[in-house]
Amino acid sequence: MSAEAEGVRHIVDASAVTRGPLRATLRTPDGVRIEAVHSPRAAPHTDSVPDTAVVVAHGFTGSVDRPAVRRAARVFARRAGVVTFSFRGHGRSGGRSTVGDREVLDLAAAVRWARELGYARVATVGFSMGGSVVLRHAALYRDVGEARTDAVVAVSAPARWYYRGTAPMRRLHWVVTRPAGRLVGRYGLRTRIHDRAWDPVPMSPVEAVPLIAPVPLLVVHGDRDPYFPVDHPRMLAAAGPAELWLEEGMGHAENAAGDALLARIADWLSAP
């Protein structure tokens, strides 16, 4: 998938911005409706800090209303405006999950909405599947106007596709690839999963990293991640200009990211 081929059409169903949280429905270029929430910064920005929005991309089976996503939004809102959204097939969004492929379109719609809300600078933070999406989005949309990002943080992201080296990933592949697994995903995990294999296979996260520069990139990963061992973040960081944080004792994705780590990420995003 290329950003140019997919286009950058965008429709927002909410027209007014308030000082409190604002819910909206976004429309992706392929016609999927995406639920999104804007939370303004808790305190007004100063002239020394750019007016920044952080767009949060959750992990597989997450959604805009999951407690870990809302907690991350609250921490980020201390330093920036925050846009959260549910990927296709998750929460109240339409469509079915493609497990990281066409989700790039969902993120692009959320980034464009953040810019329409008036933010001068937009950064993306993704967790697990969302981490792979923010990497590919940054590469594909680097030069695509209002859909581009100004900084990227990938937390607990895979470096390569089809990884089955851990028991949690073998279970995830069963959920995604088997009819019975997709039923478990729909009714047990509240995630609607597409029944078609990738065709073509999208650019992998590690292939995307060299295309992101000069946009700043931070890779964050726990040394106790049960899904992806530390060769994944090391491979990502070695693929292009990137800062790598290996977090001692941390598990996987937004559920394992504590408030102190989230605050450090917010500080990194706010640095000049």
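This is a predicted model: local features need pLDDT of at least 70, side-chain atom pairs count only at pLDDT 80 or more; totals for chains, interfaces and linings use all residues.

Guide: Beyond its neighbours within four places in sequence, Leu-135 is in contact with Val-152, Ala-154, Ala-157, Pro-205, Ala-208, Val-209, Ile-212, Leu-217 and Leu-236. A second, separate core comprises 27 residues, among them Ala-151, Val-155, Met-250 and Ile-265. Leu-135 itself belongs to the largest nonpolar core, which has 51 residues; together with Val-55 and Phe-85, Leu-135 touches the most other members. The greatest contribution to this core comes from helix H3 (residues 103-116), which supplies nine residues.

The whole structure contains 15 salt bridges. In one of them, Arg-23 and Glu-35 meet through their side chains, at 3.7 Å from N to O. Arg-23 is part of strand S2 (residues 22-27) and Glu-35 of strand S3 (residues 33-39), so this pair ties together parts 12 residues apart in sequence. The two partners may also be described by their accessibility: Arg-23 counts as partly exposed because its relative accessibility is 47%, whereas Glu-35, at 7%, counts as buried.

Another salt bridge joins Asp-65 to Arg-92, with 2.8 Å between the closest N and O atoms. This pair links distant parts of the chain, 27 residues apart: Asp-65 sits in the loop between strand S4 (52-57) and helix H2 (67-76), and Arg-92 in the loop between strand S5 (81-85) and H3. With a relative accessibility of 32%, Asp-65 counts as partly exposed; Arg-92, at 64%, counts as exposed.

A further bridge is formed by Glu-247 and Arg-264, whose closest N and O atoms are 3.0 Å apart. Here too distant parts of the chain are linked, since Glu-247 lies in strand S9 (residues 243-247) and Arg-264 in helix H10 (residues 259-270), 17 residues apart. Glu-247 is buried, at 14% relative accessible area, while Arg-264 is partly exposed, at 36% relative accessibility.

Trp-174, Val-184 and Leu-189 make a nonpolar surface patch of about 240 Å². Of these residues, Val-184 is located in helix H6 (residues 179-188), and its relative accessibility of 38% places Val-184 in the partly exposed class.

How values were computed: Residues are numbered from 1 along each chain as its sequence is written. Side-chain values use heavy atoms; hydrogens and water are left out. Patches are made of residues with over 30% relative accessible area and no salt bridge: like charges are joined within 9 Å, nonpolar side chains (Val, Leu, Ile, Met, Phe, Trp, Tyr) within 5 Å. Accessible areas come from the Shrake-Rupley method with a 1.4 Å probe; for residues, only the protein chains shown count as cover. A salt bridge is a side-chain nitrogen of Lys or Arg within 4 Å of a carboxyl oxygen of Asp or Glu. Helices (H or I, at least four residues) and strands (E, at least two) are DSSP runs, numbered from the N terminus. Buried means under 20% relative accessible area, exposed over 50%, partly exposed in between (1.4 Å probe, protein chains only). A nonpolar core is a set of buried Ala, Val, Leu, Ile, Met, Phe, Trp, Tyr and Cys residues joined through side-chain atoms within 4.5 Å. Contact means heavy atoms within 4.5 Å.
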